[in-house]
Protein chains: 2
Amino acid sequence: MAKSNRLADEGFARFKTYLREQRLKSTAQRDAIVEIFLKGAGHVSVEELYGAVRKQNPRIGYATVYRTMKLLTECGLADERHFRNGEARYEIAEKDHHDHLICERCGKIVEFEEDRIEALQEETARRLGFELRGHKMELYGVCLDCRRRGREN
Amino acid sequence: MAKSNRLADEGFARFKTYLREQRLKSTAQRDAIVEIFLKGAGHVSVEELYGAVRKQNPRIGYATVYRTMKLLTECGLADERHFRNGEARYEIAEKDHHDHLICERCGKIVEFEEDRIEALQEETARRLGFELRGHKMELYGVCLDCRRRGREN
DNA sequence: GCGATATTGAAACTCATTTTCACTTAGTTC
DNA sequence: GAACTAAGTGAAAATGAGTTTCAATATCGC
Ligand SMILES: [Mn+2]
Ligand SMILES: [Mn+2]
Ligand SMILES: [Zn+2]
Ligand SMILES: [Zn+2]
């Protein structure tokens, strides 16, 4: 009986609507996965999601989690990201566009928006004759906590 | 009997030196792969490299190409990149740092340097308490040729 | 040349993700 | 509410990039 929050509820409703529109079926599995995803902290991997979902319903299969996250991505509720490690990570697609700063030591992910960079990316693409459609920008470094921790050792 | 160029020759010599230093062996396979890589156009995949190498020596195995590219990367002669499609692509690591602008239609890859963006990335990381170690930035769009071609159709 | 050590190619294996398929369900129709 | 049917499910097999294993082969220092 997780406490419900407005964003998760809205997302859930949107998902249900999407299913109806596409004549797809509402199932207990999909509900469980989507609910857990929407209430979670973001940047979650399929494996993590699978682990969480299994606690509620241990019979759900890996393939269903993959299929459901694909659905969520298609309907615009989730964004799929790929950082430096192969597996996909998903976040709720509510927010404005943002990029990521990732700690190479502890894996912490910090989000940021920097309009001046976005503007320069536009300018750069135009200068080279391109019509810009999207970009991928990840900054990698060491966070304050990890630098402190390093010093103490 | 490919025409030799200075950069490729220098790279080749550096590779040979590296092998000697590490007490690794010089083999015909390594020579063939490295030579073809160094003379190539850059942003090459293992598959493409393998195809080219096979024309010279059809008995070379995939694993050897992978192993050799790993060696080249370790010794600082090649840079491994990962664009939007899974497989690794390699380029000669001679040049200054640069980022990439990629056409979503034809796959063309254009390199660019933009110090103003680099500076803002530094600034952003610092503002968030990080010591910046690296970044990944790729711009995706449609190139001039493809836009023209699109109009004609 | 000898011998220790590294390298090779083929095939087996990983890891994340997708596909297949027999079976079970949800949503509709009477 | 039973019957129908298209969609969904889980398990297992398949995929694709890349790595590892291993027996056979080649290189390098003497
Ligand atoms: Mn994010
Ligand atoms: Mn490049
Ligand atoms: Zn950290
Ligand atoms: Zn193009």
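How are the donor residues of the manganese ion (ligand 2) spaced in sequence? Their spacing is H-x47-E-x6-H-x1-H-x10-E. This is a predicted model, in which local features need pLDDT of at least 70 and side-chain atom pairs count only at pLDDT 80 or more, while totals for chains, interfaces and linings use all residues; side-chain values use heavy atoms, with hydrogens and water left out. Residues are numbered from 1 along each chain as its sequence is written, and chains are lettered from A and ligands numbered from 1 in the order in which they are written.

**First stop: ligand 2.** Select the manganese ion (ligand 2) with His43(B) (NE2), Glu91(B) (OE), His98(B) (NE2), His100(B) (NE2) and Glu111(B) (OE), which coordinate it at 2.1 to 2.3 Å. Donors are N, O and S atoms within 2.8 Å of the metal (3.2 Å for Na, K and Ca); water is not among the atoms, so sites may look incomplete. Glu91(B) is buried at a relative accessible area of 2%, and His98(B) is buried at 6%. Here buried means under 20% relative accessible area, exposed over 50%, and partly exposed in between (1.4 Å probe, protein chains only).

Glu91(A) belongs to strand β3 (residues 88-92) of chain A and Glu111(A) to strand β5 (residues 109-112) of chain A, so the pair ties together parts 20 residues apart in sequence. Strands (E, at least two residues) and helices (H or I, at least four) are DSSP runs, numbered from the N terminus. Glu91(A) is buried at 1% relative accessibility, whereas Glu111(A) is partly exposed at 29%.

Select the 17 residues around DNA strand C; Lys25(B), Thr27(B), Arg30(B), Thr64(B) and Arg67(B) come nearest. A residue is near the strand if one of its heavy atoms lies within 4 Å of it. A polar side-chain atom of Gln29(B) lies 2.9 Å from a sugar or linking oxygen of DNA strand C. Colour α4(A), which gives the most to this surface, with three residues.

**Last stop: the cysteines.** Select Cys75(A), buried at 15% relative accessible area, and Cys103(A), buried at 2%. The structure holds zero disulfides over all chains, a disulfide being a pair of cysteine sulfur atoms within 2.5 Å.

Key
Polar contact = N/O pair within 3.5 Å; in protein donor to acceptor, adjacent residues only side chain to side chain.
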